[in-house]
Amino acid sequence: MKLLGHHLVVPLPGGALLMRKRSAAVGCVLLAFTLIAMFAAHWLGVYPIAADRILPLMFSGESNVDQLILLDVRMPRILVGVFVGGLMGMSGAIFQALMRNPLASPDVLGFNAGAAFGALLTIFLFGSAAYVFWGAVVGGVMTAVLVVALSWQRGLDLFRLIMVGIGIGFTLLACADFLMSQLDIQRASDMAKWLVGSLGQIQREDIAPVAIAFVVLGSLGIVLQYSLDRLAFDEDLATGLGLKVNSLRLLLVAVAVVMTATAVAVAGPIPFVAFVSGPIARQLSKTPSSALILAAGIGILVTLLSDTAARTLVASFQMPTGVFTALIGAPYLIWLLARQAKRNLI
Amino acid sequence: MLQTQENAPLEAKDLGLSFGSHVVLKDFNLAIPRGKISVVIGPNACGKSTLLRSLARLEKPTAGTVLLDGKSIHKQPTRGVAKRLGILPQMPVAPEGITVGDLVSRGRTPHQSVWRQWSRQDEVAIQKAIEMTKITELRDKPFNSLSGGQRQRVWIAMALAQETDLLLLDEPTTFLDLAHQIELLELLKQCNEEQQMTIVAVLHDINLAARYAHNLVVMKDGRIEAQGSAGKTITKDIMKSTFGLECYVMPDPVKGTPLVVPV
């Protein structure tokens with residue numbers, strides 16, 4: 001490993017990786033914070049568990065209420081929060097880099113609404129939650145295809161994509177609302193997570209799909225980041241540098257859509273995680289790169305902190321996770337809109 | 001078999017390009033001479049920019065073909081093309097927050113891969129490009145903080161780092177004051193003389209084009225009106241027929257190349 005200006009060169013057999021020093025440092029700090037936040041999330045809760053008993057409880061074969069709460073209630077929720085937050089953070093960072101606009105995250109582009117609508121539709125059609133996962137993935141992918149098709153003009157036109165995406169997103173939210181209005185009150189309140197997003201009903205079986213998606217799609221995203229960062233030039237320059245611009249864009253859109261759809265399938269459309277993660281990560285590391293790993297880290301932290309707050313702040317009842325991510329994201333959206341409007345960017 | 005002209009690395013063969021029903025280029029033939037500076041001039045909307053973009057495979061022709069080393073440029077892997085041919089488009093967009101050094105190093109993209117993001121050759125090529133364009137002291141500055149003239153030098157540095165022997169530039173002097181225009185053209189001349197780069201540029205200023213071009217391509221309505229040395233192409237009659245400009249043509253007092261003085 002050697003230093004080269006602001007970069008670290010990490011030698012590989014027959015190659016080398018290039019990493020910004022500051023990004024590497026921010027990554028280490030985020031990892032430390034994530035571990036602390038995960039520990040704190042296991043500790044905090046309405047049911048008290050002493051901090052010094054958490055690690056022994058996890059690894060001993062004891063079987064008691066403490067262990068049940070820790071391993072069957074808190075841990076699945078926290079792990080799913082980590083994977084969902086990471087997936088949403090990366091997905092948002094990919095879209096924002098592709099479209100060179102921080103407004104272009106999957107929650108803003110309507111893909112989350114599409115995934116949530118797809119999930120709701122399967123519940124409505126089949127009367128059970130058995131196909132929710134596939135409903136969300138198909139809903140998210142179909143929304144993305146629809147938005148891309150409607151904005152396609154001899155190539156992917158980014159401005160049209162944003163405009164069409166916002167329109168479709170609102171339409172699908174209205175459709176989801178309509179579906180909810182057809183349900184009786186009791187079931188509708190169970191369904192609320194499909195509108196706000198919540199980790200409240202997470203079970204052990206939910207861990208595997210998001211964990212696999214996190215590892216597989218995350219690795220794919222990190223491999224594609226090299227090209228993604230070069231697509232941040234305009235199309236002509238990127239083509240001139242030898243990139244297959246249209247196929248790369250389609251591939252990246254596909255990866256990012258499946259990332260967000262998988263997350264929504266499990267946790268509902270938790271708002272603003274995808275939207276805030278990339279910009280915060282880039283702001284912290286001062287990098288021109290899409291910084292997918294750091295965006296995943298911020299997504300994880302935002303989700304974990306929001307969910308822990310939602311779960312513990314009011315003892316008598318649990319609030320949806322999305323309420324707290326919205327508290328973080330909405331002011332940022334307003335600030336961003338104001339700033340972009342001022343600079344005549346929108 | 002398509003016939004290739006000797007010593008023409010880049011060629012347009014019966015090239016046709018239309019946008020919808022609007023025909024921009026039709027049966028267009030042009031051979032770019034190796035190791036020379038070719039400059040395309042012509043009135044607005046004559047198709048010169050479209051021609052340059054087609055030569056750089058940024059536009060897909062509706063008829064005919066562009067040949068790079070005698071083979072259709074669209075049938076070659078785009079990465080391989082990027083090792084042979086660099087393009088600086090008209091208004092390039094830089095990634096937000098990028099520094100000059102990072103921007104220049106991205107010119108190495110066609111020589112790199114995800115696994116091999118850095119090599120000794122990358123370092124040498126970038127250093128050379130930065131020294132040649134005299135931007136050493138700008139290396140750590142954010143690109144967005146630079147002036148127009150500096151930015152254009154940085155773009156050229158990125159193109160040089162790509163180490164291609166063909167470089168295409170679409171109106172590289174637009175928005176620059178005269179001093180910076182000269183500075184940029186001198187830089188291109190230096191690249192051509194020291195590294196035998198084949199350069200194709202679209203320029204607006206006829207007199208500057210006449211000074212720097214070995215080969216002038218005068219275009220009108222998607223056709224070539226005249227081609228060759230400045231002495232042959234910059235004449236009173238051709239200026240009248242191409243630009244509709246009444247003018248005198250006299251020798252440039254400095255270089256002796258033709259100087260157009262409008263009436």
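A: Two strands pair if DSSP finds at least two bridges between them. Strands themselves are DSSP runs (E, at least two residues), and helices are runs of H or I of at least four residues, both numbered from the N terminus. This is a predicted model, in which local features need pLDDT of at least 70, side-chain atom pairs count only at pLDDT 80 or more, and totals for chains, interfaces and linings use all residues. Residues are numbered from 1 along each chain as its sequence is written, while chains are lettered from A and ligands numbered from 1 in the order in which they are written.

In chain B, 6 strands make up an open sheet with mixed pairing, in the order 6-7-8-3-9-10. Strand 6 (85-88) and strand 10 (223-228) of chain B are the edge strands, each pairing on one side only. On average, neighbouring strands are turned by 15° against each other, direction ignored; axes are lines fitted to C-alpha atoms, for helices over the stretch in contact, and angles run from 0 to 180 degrees between N-to-C directions.

Within the sheet, strand 3 (residues 37-41) and strand 8 (residues 198-202) of chain B run parallel, joined by 4 bridges. B:Ser38 has B:Val200 in strand 8 of chain B as its bridge partner.

Helix 1 (residues 48-55) of chain B packs on the sheet, touching strand 3, strand 7 (166-170), strand 8 and strand 9 (215-220) of chain B. Contact here requires C-beta atoms, placed from the backbone, within 7 Å. The direction of helix 1 makes about 145° with that of strand 8 of chain B. Helix 6 (residues 178-195) of chain B lies across strand 3 and strand 8 of chain B, at about 155° to strand 8.

Key: Contact = placed C-beta atoms within 7 Å.
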